[in-house]
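Colleague: I am new to this structure and would like to learn how to read it. Could you take me through a few features?

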Amino acid sequence: MISKWNYEPLTSDEQKLETTLTKEVTNCKPISELLIQRGITTVAESKRFFHPSLSDLHDPFLMPDMDKAVSRLNKALGKKERIMVYGDYDVDGTTSVALVYKYLLNYYSNLEYYIPTRYEEGYGISLKSIDYAVSKNVKLIIVLDCGIKAIDEIKYAKEHGIDFIICDHHVPDDDLPEAVAILNPKIPGSTYPYHHLSGCGVGFKFMQAFALSNSLNDTNELESLLDLVAVSIAADIVPMTGENRILAYYGLKRLNFSPNVGLRSIIKICNLSHKEITISDVIFKIGPRINASGRMQSGMEAVELLVSKDSSDAYQRAKNIDRYNQDRKELDKRITEEANNILENSGELNNGKRSIVIYNKDWHKGIIGIVASRLTELYYKPSVVLTYADGIATGSSRSVQGFDVYKAVEATRDLLENFGGHTYAVGLSLKEENIPEFTRRFEQYVADTIEPQQLTPAISIDTYLNFSDINTEFLSLLKQFNPFGAGNSKPVFCTLSVRDYGTSKLVGKKLEHIKLEMVDEESGNVINGIAFNMSQHFDMIKSGKTFDICYTIEENKHQANSSVQLMIKDIRPSECSDGQQG
């Protein structure tokens, strides 16, 4: 149960900005407030936000080492060197490899791609892959979505006459690999204007620079690959702001109207062929299937699908990957249940600890990241799930909103063999005998640094509405906030003092949901909503008392008709409200 609703009203200065935006841009105060909350405070910024343009993408040569990377790639093409495109086995990595490989294949044929196996080689650049590259006379490896910490591996490759161009977006250490070029907007001292690209986004910028350097003016060849970038942005949960929002906006257009052959097959498998595909569809349907290939078998299969040019071949590959995803779901469910049972039976949930670290050497390595996410969602604590493979304990960590789990893991780095990731998700490995000390120190860091409110699930309300505010003009402007994601989340609204219109009812196999028809006291307008798994509020709703709701807004389309439905996030009796939070 979500116990707290938070609302941060605009400051007096922000209210003045709201007045200006309402007058000159939106003609709608709630929409202007949403813009300001996203840091959009001028008329020009508002227009760019509502109308994303590829012309607003930054010059790729602003990224450090971009000139070196392009020069080395051009040299490889000129000397007809063998090039390997290498990436991680997750969605971001496989889409990155597919994008760079497909684009270069338009101009050059002496190249191949490589995805390490999760179970034999592990994350990042493996010595096995370098030995393979040596055997194939590869002279240049373009590595995507990993490599920023592969100091020893890249040194080994250099000794064997292989150069590396690193395209990564993970947080680097102080010491960097001896690559010919490192493309990473997070490199210390980087003046690149946007720091939150996905790995595939960095690959796109590299290809953009390559095209510019060679006067390749057919922009459609590169823009046709934006569907891959959109999938990477959604699946990797990078901020939906700045360049990412522009890339995702046009990538979604591609997904909906002209996806590549491989993605079209996955869209068909997901039963999305005749629906408008959203970022949520990518996160919950398309992304997990691509990910399942690397989790259950080999990420190479995902790349083979994404670069396929034959519809029947792609569809067969998509069906195989869908089977992997079904297997993944079953494993995910079983391991999550096992983890919950361990936590409940061990007393770990009632010992006052502010983190969870759980280890079982029999768990499937490809599922532990998902299980860590499940535990974090369920218990609202930073969580680490560990298993054992090839003589080493391997783990994944996930975090709650606002807490940097990367720093928590980094604080134990002397105990670790390897680690890397983002603010909210980190992969790590360590010797089995170090697990008890890692558990102690990880908990100590979390306990010392996490804020109490970060351990309590809360709903952040963007603004208050009356039902009369939800009109055609409002909905049209709200739609232009798409695509939604981190940093541009779907707005959450609150309406106070609503009543059952008389027709609300319980639905679902176990009558666990409420189908609502409500009227608000302020405007008298009636609107529909659905409250999933909230049947405990039904008696209160039917009692005739007023209640408050917070919700997102969905438009349901049925052929030529559309209707509005509120997706209820929480309900509480009106007397609990103080107008801002409870």
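Modeller: Gladly! Let's begin with a helix pair: helix 15 passes helix 16 in a right-handed crossing. Do keep in mind that this is a predicted model.

Colleague: How do the axes of helix 15 and helix 16 lie, and at what angle do they cross?

Modeller: In general, two packed helices are described by the angle between their axes and the distance between the axes. Here, the axes of helix 15 (residues 311–346) and helix 16 (residues 368–379) come within 9 Å and cross at roughly 50°. The two helices are therefore oblique to each other.

Colleague: Which residues meet where helix 15 and helix 16 touch?

Modeller: From helix 15, the residues include Arg 328, Ile 335, Ala 339 and Leu 343, and they meet residues of helix 16, among them Ile 370, Arg 374 and Leu 378. The residues of this contact divide into 8 nonpolar, 2 polar and 4 charged.

Colleague: And how many residues does the largest nonpolar core have?

Modeller: The general idea first: in soluble globular proteins, nonpolar side chains tend to be buried together. In this model, the largest nonpolar core has 78 residues, and Leu 73, Ile 142, Phe 206 and Ile 286 have the most contacts inside it. Ile 142, for instance, touches Leu 73 and Phe 206, and its other partners include Val 100 and Ile 165. A second, separate core of 37 residues includes Leu 10, Phe 484, Leu 516 and Met 518.

Definitions and conventions
Residues numbered from 1 in each chain as written. Predicted model: local features only at pLDDT ≥ 70, side-chain atom pairs only at ≥ 80, totals over all residues. Heavy atoms only, no water. Axes fitted to C-alpha atoms, helices over the stretch in contact; angles between N-to-C directions. Helix = DSSP H or I, 4+ residues; strand = E, 2+ residues; numbered from the N terminus. Parallel < 35°, antiparallel > 145°, perpendicular 65-115°, else oblique. Left-handed = near helix turned anticlockwise from the far one by under 90°. Contact = heavy atoms within 4.5 Å. Nonpolar A, V, L, I, M, F, W, Y, C, P; charged D, E, K, R; others polar. Core = buried A, V, L, I, M, F, W, Y, C linked by side-chain atoms within 4.5 Å. Buried < 20%, exposed > 50% of the residue type's maximum accessible area, 1.4 Å probe, protein only. Lists of a residue's contacts leave out its neighbours within four places in sequence.
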